[in-house]
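This briefing covers side-chain contacts. Please look over the structure, then read the points below.

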Amino acid sequence: MATFGEFTVARLGMIASQMALNVTGQNISNINTPGYTRQQLDQYSFITNSSGLYHSSSSASVGSGVMLAGVSQLRDPYLDIRFRKEMSSVGSTDATLNVLDQVQSVINNVNKEGIVTQLQDLFSRISELGSHVGEQEFETLMRESAQDICTLLNASASKLQQVYDNILQQYNENVQDANNVLTKIQELNEQIRIADINGDSALELRDQRNTLIDTLSEYMKIDVTYGKEDVGAGVEVEKLTIKLVDNTTGKPGQMLIDGINRADISLVDGDPDMFLNISELHDPDGIQTSNTSSRFTLSGLYFDKALAANYQETITVNYTDAAGNKNSVDLMFNVIAPTDPNDQNAVEAARAATIQNLQTALEQNATLKDRFTVIPTNTGVSLVSQQQGADALNITSMELPAGSQISFTSQKATAAVLSNEGAITDGMGYGALESTRQMLVGSGEFSTDAAYRSIRGIPYYMRSLDMLANKFATEMNRVNTTNANGESLADLGVEGAGNLFVADGDDPDNPTKLITASNISLSDKWQTGETTIVPSTKPDAVSSENDNINRFQNILNEAHNYQATDIVRQDDTPFTSGKLEQTGAAGQNLQAQITYIDSMNQKHTVTVNFASGADADATLANLQTAIGGNPNLTQFATVTVNDGAITMTANDGDIENGVLCSLVTDIQITDDQGAATDAFKMGAGRIGGAVASSNIYQGNLESCYSNMEGVLGSHINTTSTIYETYATAADEINTSRDSVSGVDLNDEGINLLQYQKSFAAACRLMTALDEAMDKVINGMGIVGR
């Protein structure tokens, strides 16, 4: 090293120590800044000399000091990946708990006690009425008690609807928040890209971006990767890519962020499942960058100086189609020679005329005009595929023949980009957005889509409350309109018979609307006294008879079957009997007892007479003919026979909202007197269609509400346990991440002492060197003067 080289070593040491102190001060000042990542000074030993040809083995080689490579962050990418994966689970379960807590505020023990107490009060009023048949004031008390039940159910349904509306609004706001996060990440990517080009590390911008990525991971499951992007002139910058992860397969799918390009998230218009849609990628100016066509550009037309006259040239366009097949098209166009090759204006005019001729030839070619769009440029022409994405045609080259008197100085091909747009369907986008969506559409056992039968969201609890209200109303109406044999009390001449409950505003004599918790109300005729509680089903009963009162009391005490088909069924829901077993002889007179429920969930039994045939198939054919001739059945059902069984399919036509179709529930074959017969057995039947026909619950009205509350409580407890598991795991990972990336005051204090002492040592080295040089310069060689 040269004599004064050590001064450079000391100077570089002072600079490095000063910069390290600055970085330490930056860390300490941001110790409480959310999302801040600890920074460190990157250094390496600097050396200028090397071993030459005449290097002596006895000489020592010393470096030339310390150099600064820059300032970097202390982050563990693996911990980032693990944390964001856990946060999608935390966001998912947290969103579910948020919804369930709001539902619980409606379906709680207080509301349960209110409904149970009112049902008990109604039972007492019915008992009192049984002891005071015909006394108007006791029926009024019963009617008021029934009205209180309707009011409670209406209020509960209204509150659940309010919860649904609030969550729907929150869902829309969360979608917008996710879009805002993506927008900010795109903006930061653009700023970081500019900083990288200028050689700035932009660490604070990266901290902001990491915080936003963490936030995005709560909304949906994402895959984050960092790569390099060539921006030209041999410069590469960092490129951030964020993709949506399919939770079913665990593989990245659609792109959310691609460098400075981003996609938008939006609700699919009119989709009852409320799926989200990811748009095509676009740049900061809003120009679409995905699902774009391929482009080929010729530019920089050059004339051979020997060109003295116009001539006709041929250019070959080579392109491949979507299947990879190669195609070639030859085009002839006129080349215009400059009137004066030394006049620049004449050359430019000839170039423009030649390019125009080429453009015209491209536009008029029978093969190319239907496949490519021709776009003129300032110095040439571009061909853009009319197909997009994977279907785009790609021009591979445009060739002029050898010895051509013209040439193009630039040929550039831009490949097509595949489409990014698509819906975020089930299993994708696992996180707060997907869980909120499921809570808005999950109908559980009431769902017409089998994929949602395991998801109990707000609609499930709304339908459960509807099921309770409908069962209460239809059972009360049944007792007041039919006797134990299903015969109409009005037809039997029983005074005051009629429907007690209807959907709000419905006609009690001809009800058509489905009774739900939101619309259950007393019928107009019961309120005016035209319809009364029927104390006895006997047409000639004396005023003191009350045999029907016991039936009313049984409604409140006995167990009922609650099924999804009580409130959800379609107009093509089939009933299929078991296979007919025949051991009896032909010619016997038989009856088919066909049971169906109407649009008001009232059961009816229709008797169809027919004769047995020579075998089971012939008997079924006779039954099919008999059913087809019964107008009470053909008005709503289509009958088919297949493989020894009979199927009756409801075909009520277009059903308005809030109206149920009629539905066959059972077929039994009896003898001509209606008694069971072992000679002809249909076997157990089943209801098909979109919703399950099995019981959701079996019990009395009071316990039905308790069951709904129990299902909700179990759902909350299970989700809470899962949430705590995910949250604990996320906290542990975040703690590990903070141990690497967070600022520790003790560590930074030690660094302050270390770098302060190294700075002082470098200064002392400078002083020592100065004293030594002073001795060499001023104190050596003066003895003996």
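Is Glu229 buried, exposed or partly exposed? Glu229 is partly exposed, because its relative accessible area is 22%, and buried would require under 20%. The model is predicted. Salt bridges come to a count of 22, and a search of the whole structure finds six aromatic pairs.

**Salt bridge Glu229–Arg193**
- Glu229 forms a salt bridge with Arg193, with 3.6 Å between the closest N and O atoms.
- Glu229 sits in strand 3 (residues 222–232) and Arg193 in helix 4 (residues 136–197), so the pair ties together parts 36 residues apart in sequence.
- Arg193 also counts as partly exposed, at 23% relative accessibility.

**Salt bridge Arg206–Glu238**
- Arg206 forms a salt bridge with Glu238; the closest N and O atoms are 2.7 Å apart.
- Helix 5 (residues 203–219) holds Arg206 and strand 4 (residues 235–246) holds Glu238, so this pair ties together parts that are 32 residues apart in sequence.
- Arg206 is buried, with a relative accessible area of 12%, whereas Glu238 is partly exposed at 22%.

**Lys471 and its partners**
- Asp566 forms a salt bridge with Lys471, the closest N and O atoms lying 3.6 Å apart.
- This pair links distant parts of the chain, 95 residues apart: Asp566 is in the loop between strand 19 (560–563) and strand 20 (574–576), and Lys471 is in helix 8 (residues 458–481).
- Asp566 is buried at 8% relative accessible area, and Lys471 counts as buried at 11%.
- Lys471 also lies over the face of Tyr562, 5.8 Å from the ring centre.

**Network around Arg737**
- Salt bridges with shared partners join Arg75, Asp80, Arg84, Asp214 and Arg737 into one network.
- Arg737 also lies over the face of Phe83, at 4.2 Å from the ring centre.

**Aromatic pairs**
- Tyr319 and Phe372 pair edge-to-face, at 5.5 Å centre to centre and 80° between the planes.
- Tyr319 is in strand 10 (residues 311–320) and Phe372 in strand 12 (residues 372–376), so the pair ties together parts 53 residues apart in sequence.
- Both Tyr319 and Phe372 are buried.
- Phe501 and Trp526 form an edge-to-face pair, 5.8 Å centre to centre with 70° between the planes.
- Strand 17 (residues 501–503) carries Phe501 and helix 9 (residues 524–528) carries Trp526, so the pair ties together parts 25 residues apart in sequence.
- Phe501 counts as buried at 0% relative accessibility, and Trp526 is buried with a relative accessible area of 0%.
- Ring pairs link Phe446, Tyr460 and Tyr461 into a cluster.

Technical notes. Residues are numbered from 1 along each chain as its sequence is written. Side-chain values use heavy atoms; hydrogens and water are left out. A salt bridge is a side-chain nitrogen of Lys or Arg within 4 Å of a carboxyl oxygen of Asp or Glu. Helices (H or I, at least four residues) and strands (E, at least two) are DSSP runs, numbered from the N terminus. Buried means under 20% relative accessible area, exposed over 50%, partly exposed in between (1.4 Å probe, protein chains only). Rings of Phe, Tyr and Trp (its six-membered ring) pair if their centres lie within 6.5 Å; planes under 30 degrees apart count as stacked, over 60 as edge-to-face and the rest as tilted. A charge sits over a ring if NZ of Lys or CZ of Arg is within 6 Å of the ring centre and within 35 degrees of the ring normal.
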